[in-house]
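Trainee: I'd like to learn how to read a structure like this one. Could you walk me through some features?

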Amino acid sequence: GNGTEWPRKALAELGSCTPADKITLPAWLPDDPIIREDWAQYLDTVRKTDLEVGQIVQRLDEAGELERTVLFVMTDHGISHVRTKQFLYDGGIHVPLIVAGGAFDGGHERTDLVEHIDLAATSLELAGQKIPEWMFSRSLLDTSKPREFVFAARDRADETVDLIRSVRSDRWKYIWNGFPNRPWLQPNNYKDMKPILQAMRRCSADGLLNAQQALIMRETRPVEELYDLSTDPDEFVNLASDPAHATQLKAMRTALIDWQRRTGDPCKPESEEVYLTEMNSIFSGKGKQSEPAQFRANVNLMLQWMKERPPLSGPPK
């Protein structure tokens, strides 16, 4: 959050802090001092994680358990910035996964596509258990049939209602937006309190964003997005309306629709009754945050937008 508490802790535990003027920002972020500082602190959290993993490995070794332990190191999503956490661009869904021990000899990088759910089947196989046929999870130990696609979904996050689906191959990314008539950065109290979001909005208002950085600030979205990750890893050039890529667009869309059918994806927001039940639990102090006025205002706006800007029913058939 660009405060002083974490840098003091990083300096004490790591011996140094990452200099904000030495980092390289991703292409979707403007070169702003607040954003630089935020990214530098983020890199120090990675260093802190590395330190803690080392401490865990040392304790396992000292206890004589390391040789019969398999370690999984991962995160649940990308950094909490724009185009990352709560979005289905690679910045939000391409997360670290390090596996070591047992049948995983380590020391090399695999490039096959995996999903978080694959750790379930992997754990079962490591424990000598049969993987149920109904599981969508695949064991990482079985490299004979690598995944052709990985799928991701985003629905409500905190008070913010959304509906996004994606399918990714080793080269292509397809994204379907269920709320094309809403801004990408819908109001979200959790993220809007972050200095980096405030800096992005300030830079946008001051005209300091280039065309690529300004994409996420738009007030509407395309229904479909298609990216060639081999030439456009930052996912800036949407090829969905390009007739030259119509066949690829259809293939990716079909793969997503098939996944939705197989998994029983309801592909619609929760009911207003369920939404208000969740929100009232937060209002009553039972959730992860108290009842800030902005949070309640956002809830009222979401209810209003559900009537004025309802979702699409699903990807075009």
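Mentor: Let's start with Y89, which is buried, at 4% relative accessible area. "Buried" means under 20% relative accessible area, "exposed" means over 50%, and "partly exposed" is in between (1.4 Å probe, protein chains only). Before we go on: this is a predicted model, where local features need pLDDT of at least 70, side-chain atom pairs count only at pLDDT 80 or more, and totals for chains, interfaces and linings use all residues. Residues are numbered from 1 along each chain as its sequence is written, and side-chain values use heavy atoms, with hydrogens and water left out.

Trainee: How do I read a pair of aromatic rings, and how many aromatic pairs does the structure hold?

Mentor: In general, you describe such a pair by the distance of the centres and the angle of the planes. Rings of Phe, Tyr and Trp (its six-membered ring) pair if their centres lie within 6.5 Å; planes under 30 degrees apart count as stacked, over 60 as edge-to-face and the rest as tilted. Here there are 4 aromatic pairs. One of them joins W39 and Y42, edge-to-face, with 5.1 Å centre to centre and 65° between the planes. Both residues lie in helix α2 (residues 33-62), 3 residues apart, about one turn of the helix. Helices (H or I, at least four residues) and strands (E, at least two) are DSSP runs, numbered from the N terminus.

Trainee: Are W39 and Y42 buried or partly exposed?

Mentor: W39 is buried at 12%, while Y42 is partly exposed at 28%. Now take the pair of Y89 and Y227: the ring centres are 6.2 Å apart and the planes are at 65°, so this pair is edge-to-face. It links distant parts of the chain, 138 residues apart: Y89 is in the loop between β1 (71-74) and α3 (90-93), and Y227 is in strand β6 (residues 224-228). Y227 is buried, with a relative accessible area of 4%.

Trainee: Which residues form an aromatic cluster?

Mentor: F149, F151 and W259 form one.

Trainee: And which charged end sits over the ring of W305?

Mentor: The rule is that NZ of Lys or CZ of Arg must be within 6 Å of the ring centre and within 35 degrees of the ring normal. That charged end belongs to R309, 4.2 Å from the centre of the W305 ring. R182 also lies over a ring face, that of F179, at 3.8 Å from the ring centre.

Trainee: Where is D232 found, and what is it in contact with?

Mentor: Look in the loop between β6 and α7 (246-263). D232 is buried, at 9% relative accessibility. Contact means heavy atoms within 4.5 Å, and, leaving aside neighbours within four places in sequence, D232 is in contact with Y227 and V237. A polar atom of the D232 side chain also lies 2.9 Å from the backbone nitrogen of F236.

Trainee: What about T69: where is its place, and what does T69 touch?

Mentor: T69 is in the loop between α2 and β1, and counts as buried at 18%. Residues up to four places away aside, T69 touches L60, A100, G101 and G102. The backbone oxygen of E65 is 2.6 Å from a polar atom of the T69 side chain.

Trainee: Which elements do the buried residues of α6 pack against?

Mentor: They pack against α2 and α5 (189-192). Helix α6 covers residues 195-205, and its buried residues include I196, L197 and M200. Just after α6, G207 takes a positive phi of about 70°.

How values were computed:
Polar contact = N/O pair within 3.5 Å; in protein donor to acceptor, adjacent residues only side chain to side chain.
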